[in-house]
Amino acid sequence: MSGRHLLSVADLGRQGIEEILRLADSFKEVAGRPIPRVPALRGKTVATLFFEASTRTRLSFETAAKRLSADVMSFSASTSSLEKGESLRDTIETIDAMGVDAMIVRHRSSGVPARVTAWTSASVVNAGDGQHEHPTQALLDCYTIREALGESGGRPQTDFSGLRIGIVGDVRHSRVARSDVLALSLLGAEVVLVAPRTLLPPSLEGWPVKATADLDAVLGELDVVYLLRIQAERAGRLLLPDLDEYHARFGLTRERAGRLAERALIMHPGPMIRGVEIAPEVADLPASLVTRQVRNGVFVRSAVLFHLLAGPAGAVVGEEDGDG
Amino acid sequence: MAELLIRGGTVVDEGGERRADVLVSGRDVVAVAEGIEAPAGARVLDAGGCLVAPGLVDLHTHLRQPGGEVAETVESGCRAAALGGYGAVVAMPNTEPAIDDPSVARDVLELGRGALAQVAVAGAITIGRRGERLSPMGELAALGVRLFTDDGSGVQDASVMRQALEYAGDLGVVLAEHCEDASLAAGGHMHEGAWSSRLGLPGQPALAEEAMLARDLSLVRLTRTPMHFLHLSTAGSVDLVRRAKAEGLPVTAEVTPHHLLLTDAEVASYDPVFKVNPPLRGQADVEAVRGGLVEGVIDAVATDHAPHPPETKERPFEEAPPGMLGLETALAVAFGALSGRLGAVGLLGAFSWRPARIAGLDPASGGRQGGPVAPGAPANLVVFDPAAEWEVDPAALSSRSRNTPYGGRRLRGRVRHTLREGEPVVVDARAQR
């Protein structure tokens, strides 16, 4: 992995992704121990800066950092001086002055983590910026697919070539989709975007994908169906007539689930809106990896923090020596 | 009377280029010839290797006064203008309050009296630039206002624009449109295309500019009132204006220096210093606006100098205001972008006499800008060294703001001296007051 920040999946490249996934295996092993903690980042301070609320992602990062024995500082916009009018730059410089090794940044505007790198000496991890990227989500998605493939046997673990993955839904506004397209295609998968034109990015120039508005035409060929959340506010305006029509055209209904290939996997970044992008009963099928994605998020985020902060000489999984 | 000799340069005006010294006495040029001997007591300015031309005229300057003095004042903006070689600027009316009333126009003109560049004002087309009721264009025209625009936004309602054109037709003024269909551009923070799609930033399509331009051209065909099109930025816009001119419609157009040089790829840094409206476009658009200027479809280069205080440009990209500084870098940027394609006469025409005519500041309109460099002409002059290389240091700019997109960039070509009514207001790239 090049650089000391993780702003985009593109910062990693294929090798970087593979390295993170391998490291995540170690943290999965750690999670099974009686004391699921290693001293790798003892003395390091990790700050989570969530300018946009997201309890799940924040908890995942904080758990990941604590398993490495890092100190964790938590900042959220609703409890901060931002409400008193402090600028983003002043906020970052203030937290930087307290001495932190990593800033994990979530913001509703694309590009904020990239801008933050100019105002701090800490490593910056993008925890989701606007409609741009959510690289750790893509890494945990890759990890989850790799894990599921490993269990079904045969295939080399991180080589996704030959795999056809459909990303269904609001690609245009989705940072998860942008990171997943990059990561999955770097690992060799063929990615098909399935959405009405209104929910595709205005230009797919340079995207290693195919696109279609006909879910039924591609459904049977997919190895993974990756459903994106439809935000209710997109419907009833210009982009979608209404959510019922969306469900009828793009929802993973029980009927469609029955036409999936035998070993096809169902994934979703959460939070899932049952009855819109997925039928309630389909979400609970064994093919659905949704809770595994959440579990794996912790391992992958530990791997990212370890990689950025422990450096090449860091001990990966030494035993916790008891005083942490 | 104070005499001043500009020695060793190449004089460039609408008549062409020639090696000549220029002798100034008081407010006027008194002699243009090779080898003029400096009169006793005359100040001599070296113009070796330089172009000596009528001062530049910026059709599109945001001086921010009244209401935006944190970002710029008439005084600071005019100092920046003089450093950029400008003899005159047209102050845009999107101030607070807007220049939609004779009292505001008078105030701005008054503030401009002692400034380092001549200040002309553009009036708003509609009250408060709200696109609803016409401003008192007649009263404003009586104060010498020649250009009217709601710049910052376009006039959205086609019937309002039609009325404005019909009304303005009687007054001998020009309506200037900021072409942006608000419904198509809504929520867009950069050019819609491959980069916006990748960067996850909502875009505004080229169509938002072209749709309003096409509408306005139809209105000009109907009303025959002259229109000027501000900061055109797309290949489609250049095509539309080319066809309109071929048809004989009374239209003129400008392009900014940044649209001649920069593309939307710059936004990959997410630095709001690259946020501007209209947004930086793709490479094909950059090529098209360059071609449009070379061809004469686009008449003028205008800066759209838009100062914003640093704290607003440190916001997230989507929350930062659009706009870039331009006055101090414009000529060098355009020279660089068009080197080899447009000679000195063509380029300085786009910066001086053509915009002077559009703004009604040229000698034929009774003004003192953009005329020939000849005995008896006003000594509003720029001395530009096309070979000088310099690095843009935002902190060293004389604008009150720092939002130049060229910080750290090396530019070739620099204004060495500027004369305003015979007074050397910039000497060796330094403002004299």
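Select B:T73 to begin, and display its surroundings: leaving aside residues up to four places away in sequence, B:T73 touches B:L63, B:Q65 and B:R400, where contact means heavy atoms within 4.5 Å. The residue sits in the loop between β8 (56-61) and α1 (74-83) of chain B, helices (H or I, at least four residues) and strands (E, at least two) being DSSP runs numbered from the N terminus. B:T73 is buried, with a relative accessible area of 8%; buried means under 20% relative accessible area, exposed over 50%, and partly exposed in between (1.4 Å probe, protein chains only).

The model is predicted, so local features need pLDDT of at least 70 and side-chain atom pairs count only at pLDDT 80 or more, whereas totals for chains, interfaces and linings use all residues. Residues are numbered from 1 along each chain as its sequence is written, chains are lettered from A and ligands numbered from 1 in the order in which they are written, and side-chain values use heavy atoms, with hydrogens and water left out.

Next, colour chain B by domain, with domain 1 as 3-51 + 375-431 and domain 2 as 55-365; these bounds come from an automatic or database domain assignment. The C-alpha centres of the two domains of chain B lie 26 Å apart, and the contact takes 35 residues from domain 1 and 49 residues from domain 2. The area buried between them is about 3,300 Å², of which carbon and sulfur atoms give 64%, buried area being the accessible area (1.4 Å probe) that two parts lose on being put together, summed over both. On the domain 1 side, select B:R400, B:N403 and B:Y406, which supply 21% of the area that this domain buries against domain 2, more than any other three residues.

Across this domain interface there are 2 salt bridges, each a side-chain nitrogen of Lys or Arg within 4 Å of a carboxyl oxygen of Asp or Glu. Elsewhere in the view of chain B, B:E266 forms a salt bridge with B:R409, with the closest N and O atoms 3.1 Å apart.

From B:E266, move to B:F274, whose contacts, not counting residues up to four places away in sequence, include B:E266, B:F317, B:M324 and B:P405. B:F274 lies in the loop between α9 (257-261) and α10 (283-295) of chain B, and counts as buried at 11% relative accessibility. A C-alpha to C-alpha distance drawn from B:F274 to B:M324 gives 7.4 Å, although the two are 50 residues apart in sequence.

Now bring both chains into view, where 19 residues of chain A are in contact with 19 residues of chain B and the area buried between the chains is about 1,500 Å², with carbon and sulfur atoms giving 52%. In chain A, select A:S110, A:R115 and A:P202, which lose the most area to chain B, together 32% of what that side buries. The count between the chains is 3 salt bridges, and the side chains of B:E314 and A:R89 meet in a salt bridge (2.6 Å, N to O).

Finish inside chain A with A:L184, which touches A:C142, A:I145, A:F160, A:I165, A:I167, A:A189 and A:V191, not counting residues up to four places away in sequence. In the largest nonpolar core, of 89 residues, A:I145, A:F160, A:I167, A:L184 and A:L193 touch the most other members; such a core is a set of buried Ala, Val, Leu, Ile, Met, Phe, Trp, Tyr and Cys residues joined through side-chain atoms within 4.5 Å.
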